[in-house]
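Here are my notes for you to read alongside the model. Keep the viewer open and follow the points in order.

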Amino acid sequence: MRITRVLSTTLLAFGLAAAPAAADSTPSASPSDDGSAPTTAGTSFRTATEVAQGQTATASGSAGDYLYWSFPADAGQRPTVTAKVKLPEEHAGQTWQVDVYDGLRRRQACQYGAQTRTAASGTASLELACVLRTVRAWSEPWADDPLPGTYYVRLTALGLKTADLGLPVGAELRVDSKDMGGAAAVDGSLAEPLVPGIAVKSSAEDEGEDGDGDDSSASAVLSSIEPDDGWSSGWWTDRWAWTGIGGVLAALAGIGGYALTRGPGRPRQVPPGA
């Protein structure tokens, strides 16, 4: 009975400790649009418009343009990119595609989602979606895994007919993420997230420590967005809690097994050494 009470108390304590970590498997909260969402899009990687997760960015353009946005994604997140294109009243059939690139400008494959769709003549709008793989904290140099940093979204039409080139279109973009928890944790992390200008910033900080740096070099940093609570903030995952629970259960199992197999011990009537 005593072992049972100890086991129950230990499981209850670790269950309470693991409760916050269980929230890792739920979708991350999305901030509401408060009028600060961007209303333009860039035309290249270097001019991509920065958008935070949970915001709905809008932009106006012309059919045939390349529209670019960028957003931050941290380790353990599985981003979902959704785009809506508002087409002119009169147009021929159009095929639109949304592509996502990581901080190294490597095109990332979509796990699922309608990445490319065709709108028939006269269709008012179409929607695209791309669910990326879970962002890993670390990966081998030769691998193509998503890593923490800036991600770029490119929205464009493919194979437009001459009559449709230049027609006005509207676009909406939204990025949300789901926190995958300890199931996506790996042993290792990047020294710095893959964001534009991070190498220049690190070099400037090193020179500043030696007294040879110049504050003007900090202007070379191109990215100003990051997760709400900083990069690689999700170091705590439910893997830590369940690893601890497993260790405690193993120890209790050993104690219980010893108590069950050691026997009743020496009878009282038998003197020591007999």
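Predicted model: local features only at pLDDT ≥ 70, side-chain atom pairs only at ≥ 80, totals over all residues.

1. Most residues other than glycine have a negative phi. Arg105 is not a glycine, yet its phi is positive, at about 60°. You'll find Arg105 in the loop between β5 and β6. Is Arg105 buried, exposed or partly exposed? Its relative accessible area is 44%, which makes Arg105 partly exposed.

2. β5 and β6 (residues 107–108) are antiparallel and share two bridges. Val100 is the residue that stands opposite Gln108 in β6.

3. β5 has other partners too. It runs antiparallel to β8 (residues 116–119), with four bridges joining them, and Gln94 stands opposite Ala119 in β8. With β10 the pairing is again antiparallel, this time over seven bridges; there, Asp99 has Arg154 as its bridge partner. As for cover, seven of the eight residues in β5 are buried.

4. On to β3, another strand that pairs with β10. Seven bridges join β3 to β10, and the two run antiparallel; Phe71 stands opposite Tyr151 in β10. β3 also pairs with β1, but in the parallel sense and over two bridges. In that pairing, Glu50 stands opposite Ser70 in β3.

5. Which way do the side chains of β3 point? In a regular strand the side chains alternate between the two faces of the sheet. Here Leu67, Trp69, Phe71 and Ala73 point one way, while Tyr68, Ser70 and Pro72 point the other way. Both sets are buried, so this is a strand with seven of its seven residues covered.

6. What is Phe71 in contact with, leaving aside its neighbours within four places in sequence? The list includes Val51, Gln53, Pro79 and Val81. It also takes in Gly149, Thr150, Tyr151 and Val153, along with Val175 and Ile225.

7. Aromatic rings next. The structure holds four aromatic pairs. In one of them, the rings of Phe45 and Tyr101 have their centres 5.2 Å apart and their planes at 85°, so this pair is edge-to-face. Phe45 sits in the loop between α1 (2–22) and β1 (49–50), and Tyr101 is in strand β5, so the pair ties together parts that are 56 residues apart in sequence. Phe45 and Tyr101 are both buried. Ring pairs also link Phe45, Tyr68, Tyr101 and Tyr152 into a cluster.

8. How many disulfides does a search of the whole structure find? It finds one, joining Cys110 to Cys130 with an S to S distance of 1.9 Å. The S-S torsion is about -100°, so the disulfide is left-handed. Cys110 lies in strand β7 (residues 110–112) and Cys130 in strand β9, so the pair ties together parts that are 20 residues apart in sequence. Cys130 counts as buried, at 0% relative accessibility.

9. Last stop: Asp145, in the loop between β9 and β10. Why does Asp145 count as buried? Its relative accessibility is 19%, and the cut-off for buried is under 20%. The Asp145 side chain makes a polar contact with the side chain of Arg136, at 3.4 Å. Leaving aside neighbours within four places in sequence, Asp145 is in contact with Arg106, Gln108, Arg133, Arg136 and Ser139.

Technical notes:
Residues numbered from 1 in each chain as written. Heavy atoms only, no water. Contact = heavy atoms within 4.5 Å. Phe/Tyr/Trp six-rings, centres within 6.5 Å; stacked < 30°, edge-to-face > 60°. Buried < 20%, exposed > 50% of the residue type's maximum accessible area, 1.4 Å probe, protein only. Pairing = 2+ DSSP bridges. Polar contact = N/O pair within 3.5 Å; in protein donor to acceptor, adjacent residues only side chain to side chain. Disulfide = S-S within 2.5 Å.
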